[in-house]
Amino acid sequence: MLKVLNESEWGIVKREPYQKFLDYQKRLEFNLKNIQIGLNNLNTDFDQKLDNYYVGLMNASNAVAQLSLKSIFFSYSAGLTIKELADFFSDVIEHWNLYAMHHVNFHQSSECDGHLVPHLELVTDDYWEALQLVCFSILFAQPEHLPTIMDILSYENDEQDALLDKLVSPWLPDREISAIYLRQLPYRKLDKVFSAKEEDRPKLMSQYLDDWYRASKREPYHDRHKSSQFPGYWSLEAAAVTVILRIDDSSYRDKPYYPKDLADYARSQYLP
């Protein structure tokens with residue numbers, strides 16, 4: 001499980017200037033407590049004849065998956081080391097895989113009315129969670145999880161997303177790359193970075209970061225600093241693209257929203 005920083009530790013290492021300690025502490029403690037409760041419930045033998053048996057397993061595993069991913073984001077904003085976050089990420093993938101299994105089992109059960117839905121629906125706010133899974137896998141230098149993640153994201157989604165496909169393409173070269181950006185802004189702006197000449201990419205990425213928050217006004221994280229459950233503002237995709245395309249980030253690494261230590265960690269793992 002992730003460590004919960006005390007206030008003195010948090011005050012020294014926190015990365016997100018808008019994060020409040022009590023908000024972080026209460027939210028992370030709640031998440032970790034309920035992850036364990038959910039896992040305990042999933043490990044309990046229940047009578048399959050009970051009403052809503054498959055719904056219960058699906059909902060419990062979904063809560064565990066959601067809370068584990070949110071805990072990574074909250075903890076990154078709080079300043080937990082990248083190594084500690086990377087060590088926890090394999091548990092996050094295991095939890096999402098567990099949810100996918102129980103979700104499929106529900107679909108195949110008599111409790112389902114035949115209406116099948118994605119594990120994460122890429123045309124909705126779920127996209128932000130999908131992008132986190134892909135970017136964290138890359139930035140924690142754990143690309144071995146990408147086939148599992150993309151299988152989860154492919155389930156019952158009619159179309160795939162251009163950015164997600166481009167992010168995973170170095171490790172999944174046989175995967176067809178969609179031409180469609182299912183969430184237009186800010187992500188479509190990265191198309192210019194991918195297609196640009198190497199020497200033009202730093203300037204374009206710098207501009208992407210300058211526009212990122214304003215262009216994200218329809219995304220679920222926008223304006224969240226006004227909420228008691230503020231996870232932090234981080235353009236994970238900017239760091240992932242920087243790593244993949246080996247962009248020199250010296251001109252933008254200290255800009256707001258750029259998680260430079262995630263990019264640094266990934267480069268230290270991938271490059272000789």
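Q: Is Phe-230 buried or exposed?
A: In this predicted model, Phe-230 counts as buried because its relative accessibility is 1%.

Q: Where does Phe-230 lie?
A: Phe-230 is part of the loop between helix 9 (201-215) and helix 10.

Q: Which residues are in contact with Phe-230, leaving aside neighbours within four places in sequence?
A: With those neighbours set aside, the contacts of Phe-230 are Glu-16, Tyr-18, Gln-19, Asp-23, Phe-74, Arg-224 and His-225. Tyr-18 is 212 residues apart from Phe-230 along the chain, yet their C-alpha atoms are separated by 8.2 Å.

Q: Which other residue has a positive phi although it is not a glycine?
A: Glu-156 does, with a phi of about 65°. Glu-156 lies in the loop between helix 6 (146-154) and helix 7. At 36% relative accessibility, Glu-156 is partly exposed.

Q: Gln-160 next. Where is it found, and what does it touch?
A: Gln-160 is found in the loop between helix 6 and helix 7. Not counting residues up to four places away in sequence, Gln-160 touches Leu-122, Leu-153, Ser-154, Asp-165, Arg-175, Ser-178, Ile-180 and Leu-182.

Q: Buried or exposed, then?
A: Gln-160 counts as buried, since its relative accessibility of 18% is under the 20% limit.

Q: How far apart in space are Gln-160 and Phe-88?
A: The C-alpha atoms of Gln-160 and Phe-88 are 27 Å apart, and the two residues are 72 residues apart in sequence.

Q: Changing topic: which peptide bond is cis?
A: The bond from Leu-185 to Pro-186 is cis, with omega near 5°. Pro-186 has its place in the loop between helix 7 (162-168) and helix 8 (191-195). As a rule, most peptide bonds are trans.

Q: On to helix packing. At what angle do helix 4 and helix 5 pack?
A: Helix 4 (residues 82-107) and helix 5 (residues 126-139) pack at about 145°, and their axes are 11 Å apart. The crossing of helix 4 past helix 5 is left-handed.

Q: Which residues make that contact?
A: Helix 4 supplies Phe-89, Val-92, Ile-93 and Trp-96, while helix 5 supplies Leu-133, Phe-136 and Ser-137. By class, the residues of this contact are 6 nonpolar, 1 polar and no charged.

Q: And helix 11, which of its residues are buried?
A: In helix 11 (residues 260-270), the buried residues are Leu-262, Ala-263, Tyr-265, Ala-266 and Arg-267. They pack against helix 3, helix 4, helix 5 and helix 10 (236-244).

Q: How much space lies in the largest pocket?
A: The largest pocket holds about 300 Å³ of space. It is lined by 17 residues, and those closest to its centre are Lys-70, Trp-128, Glu-129, Arg-224 and Pro-231.

Q: Which elements give two or more residues to the lining?
A: They are helix 2 (21-42), helix 3 and helix 5. Helix 3 gives the largest share of the lining, 6 residues.

Q: How do the lining residues divide by class?
A: The lining of the largest pocket has 8 nonpolar, 4 polar and 5 charged residues.

Q: Finally, Leu-32. Which contacts does it have?
A: Leu-32, found in helix 2, is in contact with Met-1, Leu-2, Val-4 and Ser-71, leaving aside neighbours within four places in sequence. Leu-32 and Leu-2 are 30 residues apart in sequence and 7.8 Å apart in space, C-alpha to C-alpha. With a relative accessibility of 12%, Leu-32 counts as buried.

Definitions and conventions:
Residues numbered from 1 in each chain as written. Predicted model: local features only at pLDDT ≥ 70, side-chain atom pairs only at ≥ 80, totals over all residues. Heavy atoms only, no water. Axes fitted to C-alpha atoms, helices over the stretch in contact; angles between N-to-C directions. Helix = DSSP H or I, 4+ residues; strand = E, 2+ residues; numbered from the N terminus. Left-handed = near helix turned anticlockwise from the far one by under 90°. Contact = heavy atoms within 4.5 Å. Nonpolar A, V, L, I, M, F, W, Y, C, P; charged D, E, K, R; others polar. 1 Å grid on protein atoms, 1.4 Å probe; cavity = no way out; pocket = protein on both sides within 12 Å on 5 of 7 lines; lining within 4 Å. Points joined across faces, edges and corners; volume = space filled by probe spheres on them. Buried < 20%, exposed > 50% of the residue type's maximum accessible area, 1.4 Å probe, protein only.
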